[in-house]
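Me: I am new to this structure and would like to learn how to read it. Could we start with a helix and go on from there?

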Amino acid sequence: MKRSKIFIIIFFVILAAGFISLYLIKKGLYPVIIINSEIVWGYNLHKEAKAAEHYYKQTLAVYEKEEAKETNYNQIIVSVLENIIEKRLVSEALRQEMSDSELIASIHDTVAPYLAKPNLEQATLALYGLNLADFYELVIFPQAEKELWEKQLEKDGMDYSDWLSQAKKSSKIILLTKEF
(Lines give C-alpha, C1' and ligand atoms only; values in the text may rest on other atoms or scores of the structure.)
Protein backbone atom coordinates (compact mmCIF):
# COMPACT_ATOMS: atom_id res chain seq x y z
CA MET A 1 0.00 0.00 0.00
CA LYS A 2 2.74 2.43 0.99
CA ARG A 3 4.75 1.55 -2.07
CA SER A 4 1.87 2.33 -4.45
CA LYS A 5 1.44 5.79 -2.88
CA ILE A 6 5.11 6.54 -3.52
CA PHE A 7 4.72 5.50 -7.17
CA ILE A 8 1.63 7.68 -7.53
CA ILE A 9 3.45 10.66 -6.01
CA ILE A 10 6.44 10.10 -8.30
CA PHE A 11 4.11 9.81 -11.31
CA PHE A 12 2.42 13.13 -10.52
CA VAL A 13 5.75 14.86 -9.88
CA ILE A 14 7.03 13.69 -13.27
CA LEU A 15 3.76 14.72 -14.91
CA ALA A 16 3.91 18.18 -13.29
CA ALA A 17 7.55 18.59 -14.39
CA GLY A 18 6.52 17.72 -17.94
CA PHE A 19 3.71 20.28 -17.97
CA ILE A 20 5.97 22.95 -16.48
CA SER A 21 8.63 22.19 -19.12
CA LEU A 22 6.07 22.44 -21.92
CA TYR A 23 4.83 25.76 -20.56
CA LEU A 24 8.37 27.17 -20.33
CA ILE A 25 9.21 26.02 -23.85
CA LYS A 26 6.00 27.54 -25.20
CA LYS A 27 6.92 30.86 -23.54
CA GLY A 28 10.42 30.70 -25.07
CA LEU A 29 12.18 30.23 -21.75
CA TYR A 30 14.85 27.92 -23.04
CA PRO A 31 18.47 28.74 -23.85
CA VAL A 32 19.42 28.91 -27.52
CA ILE A 33 22.98 30.20 -27.46
CA ILE A 34 25.57 31.15 -24.85
CA ILE A 35 27.94 33.99 -25.72
CA ASN A 36 30.77 34.41 -23.21
CA SER A 37 28.58 33.01 -20.42
CA GLU A 38 25.62 35.24 -21.35
CA ILE A 39 22.50 33.28 -22.29
CA VAL A 40 20.26 34.17 -25.23
CA TRP A 41 16.77 32.81 -24.66
CA GLY A 42 14.38 31.44 -27.26
CA TYR A 43 11.92 34.29 -26.88
CA ASN A 44 14.67 36.83 -27.71
CA LEU A 45 15.64 34.91 -30.82
CA HIS A 46 12.09 34.50 -32.06
CA LYS A 47 11.17 38.12 -31.29
CA GLU A 48 14.07 39.33 -33.43
CA ALA A 49 13.39 36.73 -36.11
CA LYS A 50 9.74 37.77 -36.31
CA ALA A 51 10.77 41.42 -36.72
CA ALA A 52 13.36 40.48 -39.38
CA GLU A 53 10.83 38.37 -41.26
CA HIS A 54 8.26 41.17 -41.11
CA TYR A 55 10.85 43.66 -42.39
CA TYR A 56 11.87 41.27 -45.18
CA LYS A 57 8.27 40.77 -46.31
CA GLN A 58 7.51 44.49 -46.17
CA THR A 59 10.62 45.26 -48.22
CA LEU A 60 9.67 42.66 -50.80
CA ALA A 61 6.16 44.06 -50.98
CA VAL A 62 7.55 47.51 -51.78
CA TYR A 63 9.89 46.26 -54.49
CA GLU A 64 7.51 43.51 -55.67
CA LYS A 65 10.15 40.92 -56.34
CA GLU A 66 8.21 37.80 -57.20
CA GLU A 67 11.24 35.51 -57.44
CA ALA A 68 12.20 36.18 -53.82
CA LYS A 69 8.74 35.94 -52.23
CA GLU A 70 9.53 32.60 -50.61
CA THR A 71 11.00 33.27 -47.18
CA ASN A 72 13.13 30.62 -45.61
CA TYR A 73 12.63 30.99 -41.87
CA ASN A 74 15.82 29.03 -41.12
CA GLN A 75 17.88 31.50 -43.15
CA ILE A 76 16.29 34.35 -41.22
CA ILE A 77 17.05 32.60 -37.90
CA VAL A 78 20.69 32.07 -38.90
CA SER A 79 21.02 35.74 -39.86
CA VAL A 80 19.37 36.79 -36.61
CA LEU A 81 21.70 34.53 -34.60
CA GLU A 82 24.72 36.11 -36.30
CA ASN A 83 23.29 39.55 -35.58
CA ILE A 84 22.67 38.69 -31.91
CA ILE A 85 26.24 37.44 -31.55
CA GLU A 86 27.57 40.64 -33.10
CA LYS A 87 25.38 42.84 -30.89
CA ARG A 88 26.43 41.00 -27.73
CA LEU A 89 30.14 41.21 -28.60
CA VAL A 90 29.92 44.93 -29.37
CA SER A 91 27.97 45.60 -26.19
CA GLU A 92 30.46 43.63 -24.13
CA ALA A 93 33.42 45.48 -25.68
CA LEU A 94 31.81 48.87 -25.05
CA ARG A 95 31.08 48.02 -21.44
CA GLN A 96 34.75 47.17 -20.95
CA GLU A 97 35.79 50.57 -22.35
CA MET A 98 33.13 52.86 -20.86
CA SER A 99 31.20 53.19 -17.64
CA ASP A 100 27.45 52.61 -17.82
CA SER A 101 26.70 56.31 -17.36
CA GLU A 102 29.12 57.30 -20.16
CA LEU A 103 27.66 54.66 -22.44
CA ILE A 104 24.06 55.70 -21.80
CA ALA A 105 24.90 59.38 -22.32
CA SER A 106 26.75 58.64 -25.58
CA ILE A 107 23.92 56.46 -26.88
CA HIS A 108 21.35 59.08 -25.92
CA ASP A 109 23.31 61.71 -27.86
CA THR A 110 23.50 59.37 -30.85
CA VAL A 111 19.84 58.36 -30.98
CA ALA A 112 18.10 61.55 -29.81
CA PRO A 113 17.70 63.01 -33.33
CA TYR A 114 16.15 59.78 -34.61
CA LEU A 115 13.72 59.42 -31.72
CA ALA A 116 12.39 62.92 -32.39
CA LYS A 117 11.00 61.91 -35.78
CA PRO A 118 7.22 62.50 -35.79
CA ASN A 119 6.02 59.25 -37.41
CA LEU A 120 8.65 56.90 -36.00
CA GLU A 121 6.20 54.74 -34.07
CA GLN A 122 3.92 54.19 -37.07
CA ALA A 123 6.92 53.49 -39.30
CA THR A 124 8.39 50.91 -36.93
CA LEU A 125 5.04 49.19 -36.61
CA ALA A 126 4.58 49.10 -40.39
CA LEU A 127 8.13 48.13 -41.30
CA TYR A 128 9.16 45.84 -38.43
CA GLY A 129 5.89 45.00 -36.72
CA LEU A 130 7.35 46.32 -33.45
CA ASN A 131 6.22 48.95 -31.00
CA LEU A 132 8.63 51.81 -30.31
CA ALA A 133 10.03 50.29 -27.09
CA ASP A 134 10.86 46.99 -28.79
CA PHE A 135 12.29 48.83 -31.81
CA TYR A 136 14.54 50.82 -29.50
CA GLU A 137 15.69 47.66 -27.71
CA LEU A 138 16.22 45.50 -30.81
CA VAL A 139 17.35 47.99 -33.44
CA ILE A 140 18.15 51.54 -32.33
CA PHE A 141 20.12 50.84 -29.14
CA PRO A 142 22.33 48.08 -30.66
CA GLN A 143 22.93 50.18 -33.80
CA ALA A 144 24.00 53.14 -31.65
CA GLU A 145 26.35 50.85 -29.71
CA LYS A 146 27.81 49.59 -32.99
CA GLU A 147 28.35 53.15 -34.26
CA LEU A 148 30.06 54.12 -31.00
CA TRP A 149 32.29 51.07 -31.12
CA GLU A 150 33.18 51.69 -34.78
CA LYS A 151 34.23 55.25 -33.86
CA GLN A 152 36.31 53.92 -30.97
CA LEU A 153 38.00 51.36 -33.21
CA GLU A 154 38.62 54.02 -35.86
CA LYS A 155 40.36 56.19 -33.24
CA ASP A 156 42.54 53.19 -32.37
CA GLY A 157 43.31 52.59 -36.06
CA MET A 158 41.42 49.30 -36.27
CA ASP A 159 38.87 48.04 -38.77
CA TYR A 160 35.46 46.95 -37.46
CA SER A 161 35.20 43.80 -39.59
CA ASP A 162 38.68 42.68 -38.53
CA TRP A 163 37.81 43.32 -34.90
CA LEU A 164 34.52 41.42 -35.22
CA SER A 165 36.21 38.45 -36.86
CA GLN A 166 38.84 38.36 -34.10
CA ALA A 167 36.22 38.83 -31.37
CA LYS A 168 34.20 35.88 -32.69
CA LYS A 169 37.31 33.70 -32.74
CA SER A 170 38.33 34.61 -29.21
CA SER A 171 34.84 34.39 -27.70
CA LYS A 172 33.24 31.33 -26.24
CA ILE A 173 30.07 30.83 -28.26
CA ILE A 174 27.99 27.73 -27.61
CA LEU A 175 25.01 26.96 -29.83
CA LEU A 176 22.53 24.83 -27.89
CA THR A 177 20.41 23.64 -30.79
CA LYS A 178 21.20 21.42 -33.76
CA GLU A 179 18.69 23.21 -36.01
CA PHE A 180 21.11 25.89 -37.14
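Reply: Keep in mind that this is a predicted model. Take helix α7, residues 160–170, where the buried residues are Tyr160, Trp163, Leu164 and Ala167.

Me: Why do the buried residues of α7 line one face of the helix?

Reply: The general idea comes from the geometry: an α-helix has 3.6 residues a turn, so residues three or four places apart point the same way. In this case, the buried residues of α7 fall within an arc of 100 degrees seen down the axis, so they line one face.

Me: What covers the buried residues of α7, and which exposed residues sit on the face turned away from them?

Reply: The cover includes α3 (73–97) and α6 (132–155). The face turned away carries Asp162 and Lys169, both exposed.

Me: How many aromatic pairs does the structure hold?

Reply: There are 6 aromatic pairs. One of them joins Tyr55 and Tyr128, which are stacked, with 5.0 Å from centre to centre and 15 degrees between the planes. Tyr55 lies in helix α2 and Tyr128 in helix α5, so this pair ties together parts 73 residues apart in sequence.

Me: How are the rings of Tyr128 and Phe135 placed?

Reply: Their centres are 5.1 Å apart and their planes are at 50 degrees, so that pair is tilted. Tyr55, Tyr128 and Phe135 form one aromatic cluster.

Me: Is Phe135 buried or exposed?

Reply: The cut-off for buried is under 20% relative accessible area. Phe135 has 8% relative accessibility, so Phe135 counts as buried. Tyr55, at 34%, counts as partly exposed.

Methods: Residues are numbered from 1 along each chain as its sequence is written. This is a predicted model: local features need pLDDT of at least 70, side-chain atom pairs count only at pLDDT 80 or more; totals for chains, interfaces and linings use all residues. Side-chain values use heavy atoms; hydrogens and water are left out. Buried means under 20% relative accessible area, exposed over 50%, partly exposed in between (1.4 Å probe, protein chains only). Helices (H or I, at least four residues) and strands (E, at least two) are DSSP runs, numbered from the N terminus. The arc is that of the directions from the helix axis to the C-beta atoms. Contact means heavy atoms within 4.5 Å. Rings of Phe, Tyr and Trp (its six-membered ring) pair if their centres lie within 6.5 Å; planes under 30 degrees apart count as stacked, over 60 as edge-to-face and the rest as tilted.
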